[in-house]
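Colleague: Please show me the model, and then I will ask how its labels were reached.

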Amino acid sequence: MNQTYAVLKAPKVWGALRGLETFSQLLYEDEYGAKNINLTEISDFPRFQHRGVLLDTSRHFLPIKVILANLEAMAMNKFNVFHWHIVDDPSFPYLSRTFPQLSQMGAYHPYTHVYTPDDVKMIIEFARLRGIRVVPEFDTPGHTQSWGKGQNDLLTPCYSGPTPSGTFGPVNPILDTTYDFMNLLFKEISEVFPDAYVHLGGDEVDFECWKSNPDITKFMEQHSFGEDYSKLETFYIQKLLDIVTSTQKGYMIWQEVYDNGVKLKPDTLIHVWKGNQQQYQNEMAKITLSGYKTFLSSPWYLNRISCGQDWTSLYRADPHNFTGTDDQKKLVIGGEACMWGEYVDSTNLMPRMWPRASAVGERLWSAKDVTDVNDAYSRLSKHRCRMVERGIPGEPLFTSFCRHEYKGN
């Protein structure tokens, strides 16, 4: 009887994990139900080092089991970064040991809709065993309405004429207490999340409240900022970056921070999310020309849905499609598929995410010349069936069927 062997070689354990996933996908079932594998030799490696998925757990709380299922799906598709957009305006589900009042007052529910320290630790370890990094995002100074519910004087009081309106805007950048708070919070974050990077946000800061506040106006005058509120934002971000640097962490930031001219460390990772194809390509060219590393999300906002096979546009987008030198292209570390939570919760996250995110995963893994959409459709359709059989409720790409559907289960 002939003996057959399967040999897997990889320089690091993470490569071995990806290889085992590839091996599992080579198995197929014949018409008699027997598992088979064809004789094959594969030499494979990822094109980009940063292959991420962003989940938003503020706009809708995602139960732990859904996050873990998504990590399983990420591993099946060889993603290696879980960008956890854990808090935002609507809710603050992160239970902080240092400031427990943030989730006590800012979460949708202080006990059922929070991630405890043990929950966070379990998610990080679950991800690690699948070769996935967990990068948390604590976005400031905008996107912080939920923060203010549990931390007095953190947000800027807005004014209507000469009196406070009772509403609040971004983080108040002129108070020393703001930076005392951020120092303690990010010290905790640096200890809870072991990854070398933390995402600091910095996007979509609304200046109207700052403009209305007389104390802010006075501060602007004292610092000769004129009426350029981006300078005030830069003042805040610069102090925050110094705080995070003191925790020995690197940082990722949304592109606005770079666009506003903030002084950044050489190892800063700049996250591009704005604009149409021409606009984000120009941004990538500008960032890399400045010598910074960058990664792309603009074409991969999976919360945006449309009728038909929109996965094809996801598949065709490429982080290297911009005008620049080879050295500039080397500064592009990859990209992320983003699932923002305005209209997504545990009931529809997985089918909306998969297998559309699989198209992004292949673009970030496969060689640049692997671009045949028809060929990709054949692979992704089979892979979608594979994910469904493994318990991931991915939606169909188009009319088709899966073999496991007629087994009489």
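**Labels and their grounds**

Modeller: C402 has a relative accessible area of 1% and is buried. This is a predicted model.

Colleague: Why is C402 called buried?

Modeller: Buried means under 20% relative accessible area. C402 has 1%, so C402 counts as buried.

Colleague: How do you know that C385 and C402 form a disulfide?

Modeller: The sulfur atoms of C385 and C402 are 2.0 Å apart. The cut-off is within 2.5 Å, so the pair is a disulfide. C385 lies in helix α16 (residues 373–389) and C402 in the segment after α16, 17 residues apart.

Colleague: What makes the disulfide of C385 and C402 left-handed?

Modeller: The torsion about its S-S bond is about -80 degrees, so the disulfide is left-handed.

Colleague: Is C385 buried or exposed?

Modeller: The relative accessible area of C385 is 12%. The limit for buried is under 20%, so C385 is buried.

Colleague: How many disulfides does the structure hold?

Modeller: The structure holds two. A disulfide also joins C158 to C209, with an S to S distance of 2.2 Å. C158 is in strand β6 (residues 155–160) and C209 in helix α7 (residues 208–212), so this pair ties together parts that are 51 residues apart in sequence. The link of C158 and C209 is left-handed, with -110 degrees about the S-S bond.

Colleague: Why are C158 and C209 called buried?

Modeller: C158 has a relative accessible area of 9%, and C209 has 7%. Both values are under 20%, so both residues are buried.

Colleague: What makes C307 exposed?

Modeller: Exposed means over 50% relative accessible area. C307 has 84%, so C307 is exposed. C338, in contrast, has 0% and is buried.

Colleague: What makes strand β9 (residues 250–254) mostly covered?

Modeller: Five of its five residues are buried. G250, M252 and W254 point one way from β9, and Y251 and I253 the other way.

Methods. Residues are numbered from 1 along each chain as its sequence is written. This is a predicted model: local features need pLDDT of at least 70, side-chain atom pairs count only at pLDDT 80 or more; totals for chains, interfaces and linings use all residues. Side-chain values use heavy atoms; hydrogens and water are left out. Buried means under 20% relative accessible area, exposed over 50%, partly exposed in between (1.4 Å probe, protein chains only). Helices (H or I, at least four residues) and strands (E, at least two) are DSSP runs, numbered from the N terminus.
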